[in-house]
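User: Hi! Could you help me look at the aromatic rings in this one?
Analyst: Happy to, let's bring it up.

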Amino acid sequence: MRTAYFGELEKELKKRILSGEFPEGKAIPTESELSAHYGLGRTTVRKALQRLVDSGMLNKVQGLGTFVIQREEWPEDAVHNFKILLIVPGFQGKAEDEDLFDRSLIAGVADYSYLHRASLEIHRQEPSAKKLFGWYRNLKISGIIWERPTGTYFPTIIELNKLGVPQVTINREIEGIPSVFFDYKLVLERVVDVFRATGRKKLVFCDMRSRFQADVFAERQHFFAGLMRGKYPDCAENIVYGLDRVKLSAATADRIMAEHPDLEALICSVPLTPVLFPRFRELRPELPLVSFGESDLLNRDTDPSVNFISNAREKAGRKAAELLGKLFCGQTDLGRHLISGEFIVRKIG
């Protein structure tokens with residue numbers, strides 16, 4: 001491996017220390033060995049080592065070598081070397097100003113950062129690949145968590161991946177990059193099983209229909225339909241409604257009720273609830289309602305009569321930060337990582 005800058009070599013050596021490849025209390029390879037391994041001059045290697053000595057991670061002992069200091073003895077500044085950049089579309093500048101959906105995610109990343117004494121910076125807009133790589137090369141960031149990046153930024157993410165920048169995506173899958181997804185399958189199974197245990201098997205799922213990420217919505221709608229037909233072969237054909245939020249009206253609820261007069265429970269994606277739930281309450285006050293996801297519109301604090309499926313955004317944030325930390329330490333953990341949500345039952349009778 002050839003490293004062009006002593007700053008990059010410093011970063012590479014940090015990874016090997018943090019990953020335990022260079023154990024605490026043990027000597028690291030000599031300047032000559034590092035010079036030969038990385039194809040660098042002794043002066044460059046010496047500068048990188050001196051910066052790690054100055055940071056409190058290494059200790060030079062004359063005539064014996066350079067040793068990794070025990071982690072508990074590192075100065076506080078030395079362990080603030082893991083710098084997370086979280087990119088959240090539409091970020092307003094303060095976490096408390098965000099809606100619950102993004103606040104929960106930020107809280108998860110922040111929780112990991114606090115426990116691992118890492119630093120966290122949140123950006124609204126995605127700078128160019130060139131600028132982001134410059135930040136990475138100059139040790140301003142250690143890696144990037146992308147919250148639901150649009151396809152516009154996929155080329156940037158792919159380019160940075162080729163340049164070796166650690167990255168994790170949330171709810172988006174890009175080859176060669178770890179991703180974190182909500183495991184809707186497991187939680188939908190729980191919902192169906194809970195209602196089955198109470199004798200309710202006539203369920204309807206109202207979900208979003210959108211050209212953006214259409215495959216995500218289609219996949220979960222198809223899963224629910226297959227799940228219901230697997231448990232109830234005689235269930236109705238039209239148990240899933242893909243609805244356009246813009247065209248939604250109370251008449252939509254009327255149509256669903258007309259098609260399912262014996263409906264026993266309704267599962268509804270949160271963006272659709274402001275229109276559908278009030279009308280269903282008028283038509284069938286006793287009908288159990290389940291919201292799919294949380295937001296400021298509807299969550300565990302806003303309406304105690306609604307059951308809801310939490311999409312575990314805080315867990316997703318922690319998991320994304322954990323995966324980024326592994327990448328930073330040279331550990332590869334690619335593929336899709338599923339985070340299970342919760343089904344909070346409050347009123348089903």
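**Aromatic rings**

Analyst: Let's start with Phe205: its relative accessible area is 0%, so Phe205 is buried. Keep in mind that this is a predicted model.

User: And Phe224, buried or exposed?
Analyst: Phe224 counts as buried, because its relative accessibility is 0%.

User: How many aromatic pairs are there in the whole structure?
Analyst: A search of the whole structure turns up six aromatic pairs. One of them joins Phe82 and Tyr112: the ring centres are 6.4 Å apart and the planes meet at 85°, so this pair is edge-to-face.

User: Where do Phe82 and Tyr112 lie?
Analyst: Phe82 is in the loop between helix H4 (76–79) and strand S3 (83–87), while Tyr112 is in helix H5 (residues 100–115), so the pair ties together parts 30 residues apart in sequence. Both Phe82 and Tyr112 are buried.

User: Back to Phe205 and Phe224, what sort of aromatic pair do they form?
Analyst: Phe205 and Phe224 are edge-to-face, at 5.3 Å centre to centre with 65° between the planes. Phe205 belongs to strand S8 (residues 203–208) and Phe224 to helix H9 (residues 214–231), so this pair ties together parts that are 19 residues apart in sequence.

User: Which residues do ring pairs link into a cluster?
Analyst: Phe182, Phe205, Phe224 and Phe292 are linked that way.

User: New topic, charges. What sits over the ring of Phe292?
Analyst: That's the charged end of Arg220, 4.5 Å from the ring centre. Elsewhere, Arg336 lies over the face of Phe181, 4.0 Å from the centre of that ring.

Conventions
Residues numbered from 1 in each chain as written. Predicted model: local features only at pLDDT ≥ 70, side-chain atom pairs only at ≥ 80, totals over all residues. Heavy atoms only, no water. Phe/Tyr/Trp six-rings, centres within 6.5 Å; stacked < 30°, edge-to-face > 60°. Helix = DSSP H or I, 4+ residues; strand = E, 2+ residues; numbered from the N terminus. Buried < 20%, exposed > 50% of the residue type's maximum accessible area, 1.4 Å probe, protein only. Lys NZ or Arg CZ within 6 Å of the ring centre and 35° of its normal.
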